[in-house]
Amino acid sequence: MKVHILAVGRLKDGPERQLVDRYIERAKSVGKQLGFGDVSVRELPESRAKQSEQRKKEEADAILAQVQDGAVLVFLDERGKSLTSEKFAQHMGDWRDNGARECWFVIGGADGLDKDLRQRGKLTLNFSNLTWPHQIVRIMLAEQIYRTMTILSGHPYHRG
């Protein structure tokens, strides 16, 4: 199963991007042995529409244009569920084992995600009740994907 992070907005070069890249490379390395394909990050431009609802709709259309039919969609949103790392890993392992070809983790733009888009997801995650900047969410997501790979492989990185 290929794993993608799809984010609205661009992460500038710097320590945040380097940290995301480091976790993605680690996830790729461990994931190959577990039946996971590529792990990637894709960025979409933010909509320039003047109204929030229109921006969310345009960004939703751009997101859906990237995703193949049958892919698992996971959204990061403040209205989502909070999971343990073990439960997160269990979901990813189950999707892989049930034949999912791709899993897309979607981080919306500054206005959030379109409600019709959110209804199409397999899971909506909330990393905290706190509000986090998108670049930090991207780092946390990349780390959790790597952590998932280590949990599924029995690697000692996760000591929960």
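L6 stands opposite R42 in β2, a handy place to start looking around. This is a predicted model, where local features need pLDDT of at least 70, side-chain atom pairs count only at pLDDT 80 or more, and totals for chains, interfaces and linings use all residues. Residues are numbered from 1 along each chain as its sequence is written, and side-chain values use heavy atoms, with hydrogens and water left out.

Strands here are DSSP runs of E with at least two residues, and helices are runs of H or I with at least four, numbered from the N terminus. Two strands pair if DSSP finds at least two bridges between them. Here is how β1 pairs up:

| Strand pair | Sense | Bridges |
|---|---|---|
| β1 and β2 (residues 39–44) | parallel | six |
| β1 and β4 | parallel | six |

In β4, I5 has F105 as its bridge partner. Six of the seven residues of β1 are buried (under 20% relative accessible area, with a 1.4 Å probe and protein chains only).

Now for helix α3, which covers residues 85–97 and has 13 residues. Its buried residues are S85, F88, A89, M92, G93 and W95. Seen down the axis of α3, they fall within an arc of 160° (taken from the directions from the helix axis to the C-beta atoms), so they line one face of the helix. These buried residues pack (heavy atoms within 4.5 Å) against β1, β3, β4, β5 and α5. After α3 comes G99, with a positive phi near 90°.

Note on methods. Expected span 1.5 Å × (residues − 1). Buried < 20%, exposed > 50% of the residue type's maximum accessible area, 1.4 Å probe, protein only.
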